[in-house]
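I opened the model to look up helix packing, surface, charge pairs and backbone geometry.

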Amino acid sequence: MSWPLASFAIVGLVLAVGWLAYERRRPSAHMAAVVAVMAALAALGRDAFAALPDVKPITAMTLVVGYSLGPLPGFTVGAFGMLVSNFMLGQGPYTPWQMAAWGMVGLGGAVLGWLSRRRLGRVQLAAACGLAAFAAKEVMNLYTWTLGASHTPAAFLAVAGQALSYDVTDTVASFLFGLAFAPELARLLARMRARMEVAWEELPPASATGDGAGKRSRRHALGAAGSLAALAIAAGVLLAAPRATDARQAPADISRELGFLARAQNSDGGFGGARGQSSSELYTGWVAMGLAAAGRDPLSLRRGGHTILDALRAQAASLHGAGDLERTILALHACGASPRSLPGGDPVSRLVGFRAADGSFGHLSNLTSFAIFSLRAAGYPARSRVIRGAAGWLGRQQNADGGFGVGARGGASDVDDTAAAVQAIADSGARGGTVLARAGTFLIRAQNRDGGYPQQPGGESNAQSSAWAVQGLIAMGRDVFTVRRAGSRSPVGYLRSLIAPDGSVRYSRTGAQTPVWVTAQALTALAGKPFPIAPVRRRAARSVPAGAGASPAARTGERRRAGRAHRPAPPSPAEQRAARRLEPLARALGALIGTVLAPVIR
């Protein structure tokens with residue numbers, strides 16, 4: 001076999017292995033769309049600079065995709081970017097080599113992201129882009145070397161020397177492109193990854209031993225002494241001021257959020273991801289649960305003579321997988337309608353059909369947690385064989401760090417699925433035990449310093465992961481207002497800080513996507529209601545379409561929640577302002593007194 005044929009066989013094998021791995025991973029449609037868009041942008045960026053030889057942004061873009069999204073998206077963007085751009089620049093026997101070279105740039109970016117935990121600054125990322133460009137050009141020099149008559153090291157050095165000026169130009173250009181946009185693109189793609197797909201990476205379990213634990217204990221003692229002193233002083237000040245209800249205990253004023261959702265309803269009674277977007281079962285179902293959690297009857301919202309229940313029934317034909325059925329059952333229950341009444345068949349029976357022999361649903365922790373929510377809403381008792389089997393399988397999927405992933409044991413733990421598993425196990429009747437205790441420890445450690453929660457520990461806080469964490473902590477019996485990291489606000493305080501003037505809840509500090517979904521999910525946490533969400537108890541009988549009467553489970557849930565203690569009335573605006581003015585004073589006094597007492601309690 002000749003050198004060119006052997007080299008092409010190796011390159012073809014590299015490309016085949018890369019794409020086979022990507023297909024076997026079965027990326028979500030959302031992630032596939034992101035990869036396709038980035039590959040198209042990389043190709044367009046290369047073609048746009050066709051007049052400037054070796055000045056191309058494709059290397060920087062490919063490396064950042066691998067750095068942010070992982071090895072397989074990075075490989076795909078680099079390989080397809082070169083293939084597509086060559087339709088304009090010209091195809092040739094060098095195309096597979098370019099695809100392999102820049103595919104390896106994406107792989108290198110993924111390795112860099114794993115080693116640095118995606119915490120590189122602008123200059124470091126830019127330098128990595130420059131080095132990647134130089135390495136890719138050397139691969140192309142290897143291709144040129146295979147075409148020559150001599151295949152000695154000296155011959156390769158001669159080829160590399162002739163191309164040195166071009167290689168240096170590409171290296172400097174890639175460095176400058178990385179300096180210009182690499183950090184911004186990395187943050188954008190990181191947000192997409194957090195929203196759409198779990199990154200399967202091992203996270204080291206947090207531990208606190210030795211001197212570090214002792215120092216934290218002393219800080220805790222100091223903080224406790226300062227807090228007690230601050231509490232005493234603040235209490236004295238408050239006695240002289242108008243009495244105000246503790247803002248932590250008072251229910252949040254969520255009228256603006258409810259108003260935003262009411263304005264976002266479509267004429268078919270359903271909801272889209274944002275106001276004006278077409279209705280979807282996904283968003284309609286979440287709005288039903290959010291409204292019910294906030295104490296608003298979902299059927300009280302009408303647009304064009306249609307309610308949320310009308311929209312759910314109209315969208316019944318779009319239900320295919322277990323996840324769609326689970327969400328719809330929970331939404332029907334929140335509307336006070338029978339979870340078994342839906343065109344096209346009983347969704348509860350269809351859901352049970354997805355149950356595996358080991359008790360799980362789809363062998364996924366996420367689907368199994370939602371199955372427990374849904375079946376409990378449909379009237380299955382906690383001691384039923386189906387619920388106990390699902391909860392038993394779910395408990396065995398807990399990772400060594402105490403968290404749960406979207407799949408089975410061994411995948412990376414994340415906040416959303418850990419909080420969902422906690423609620424599901426609690427719904428099965430287990431209120432204690434080591435599984436819930438370890439999961440609670442994972443959630444406490446995952447909190448960020450802004451008070452919010454990321455989907456993956458160490459990531460950027462977002463509203464939906466924070467809402468999941470709040471629900472999980474409440475299901476465990478934790479007071480979420482005391483969950484604060486290094487003096488941060490509580491996760492509920494973080495959620496309140498994301499409320500926009502129009503009443504919508506932003507996804508994060510830097511993003512406001514799918515405001516209808518995010519607002520509806522935030523309402524479940526702001527109302528302090530874990531899953532399943534009970535329907536609102538109606539004051540009088542109302543007309544509900546045939547077959548949509550409240551289920552026995554719904555009536556049981558209403559009676560159970562009706563017996564709970566009445567919440568205190570919310571404080572007036574004047575009282576809230578007074579409490580906000582006094583809180584910084586109390587904190588400052590506590591810190592001052594703690595500093596004074598430090599030598600005594602050390």
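I took helices (H or I, at least four residues) and strands (E, at least two) as DSSP runs, numbered from the N terminus. By that numbering, Val123 sits in helix H6. The model is predicted, so I note that local features need pLDDT of at least 70 and side-chain atom pairs count only at pLDDT 80 or more, while totals for chains, interfaces and linings use all residues. Residues are numbered from 1 along each chain as its sequence is written, and side-chain values use heavy atoms, with hydrogens and water left out.

**Entry: surface patch**

I looked up Val123 for its accessibility. I use buried for under 20% relative accessible area, exposed for over 50% and partly exposed for in between (1.4 Å probe, protein chains only). Val123 has 53% relative accessibility and therefore counts as exposed.

Which residues form the nonpolar patch on the surface? I found Val123, Phe134, Leu164, Val168, Val172, Leu176 and Leu179, with about 560 Å² of accessible area together. Helix H6 (122-147) and helix H8 (164-196) are the elements that give two or more residues to the patch. H8 has the largest share, 5 residues.

For the record, patches are made of residues with over 30% relative accessible area and no salt bridge; like charges are joined within 9 Å, and nonpolar side chains (Val, Leu, Ile, Met, Phe, Trp, Tyr) within 5 Å. The areas come from the Shrake-Rupley method with a 1.4 Å probe, and for residues only the protein chains shown count as cover.

**Entry: helix packing**

Two packed helices are described by the angle between their axes and the distance between the axes. My axes are lines fitted to C-alpha atoms, for helices over the stretch in contact, with angles from 0 to 180 degrees between N-to-C directions.

I checked helix H4 (residues 71-89) against H5 and found that their axes come within 7 Å and cross at roughly 150 degrees. Angles under 35 degrees count as roughly parallel, over 145 as roughly antiparallel, 65 to 115 as roughly perpendicular and the rest as oblique. H4 and H5 are therefore roughly antiparallel.

I then checked helix H5 (residues 95-116) against H6: the axes come within 9 Å and cross at roughly 150 degrees. That makes H5 roughly antiparallel to H6.

For handedness, a crossing is left-handed if the near helix is turned anticlockwise from the far one by less than a right angle, and right-handed if clockwise. H4 passes H5 in a right-handed crossing, and the crossing of H5 and H6 is right-handed.

**Entry: salt bridges**

I counted a salt bridge where a side-chain nitrogen of Lys or Arg is within 4 Å of a carboxyl oxygen of Asp or Glu. How many salt bridges does this rule give? The count comes to 6.

Glu281 and Arg327 meet through their side chains at 2.9 Å, N to O. Glu281 lies in helix H11 (residues 281-293) and Arg327 in helix H13 (residues 322-334), so this pair ties together parts that are 46 residues apart in sequence. Both Glu281 and Arg327 are buried, Arg327 at 14% relative accessibility.

Arg327 also forms a salt bridge with Asp324 (2.9 Å, N to O). Arg327 and Asp324 are 3 residues apart in helix H13, separated by about one helical turn. Asp324 is partly exposed, at 21%.

I noted a further pair, Asp346 and Arg340, with the closest N and O atoms 2.7 Å apart. Arg340 is partly exposed, with a relative accessible area of 37%.

**Entry: backbone geometry**

Most residues other than glycine have a negative phi, and most peptide bonds are trans. I looked for departures.

Arg117 is not a glycine, yet has a positive phi of about 55 degrees. Arg117 lies in the loop between H5 and H6 and is partly exposed, at 41%. Thr514, also not a glycine, has a positive phi of about 40 degrees and lies in the loop between helix H20 (491-497) and H21.

Where is Pro532? I found Pro532 in the loop between helix H21 (515-526) and helix H22 (552-562). A cis peptide bond joins Phe531 and Pro532, with omega about -5 degrees.
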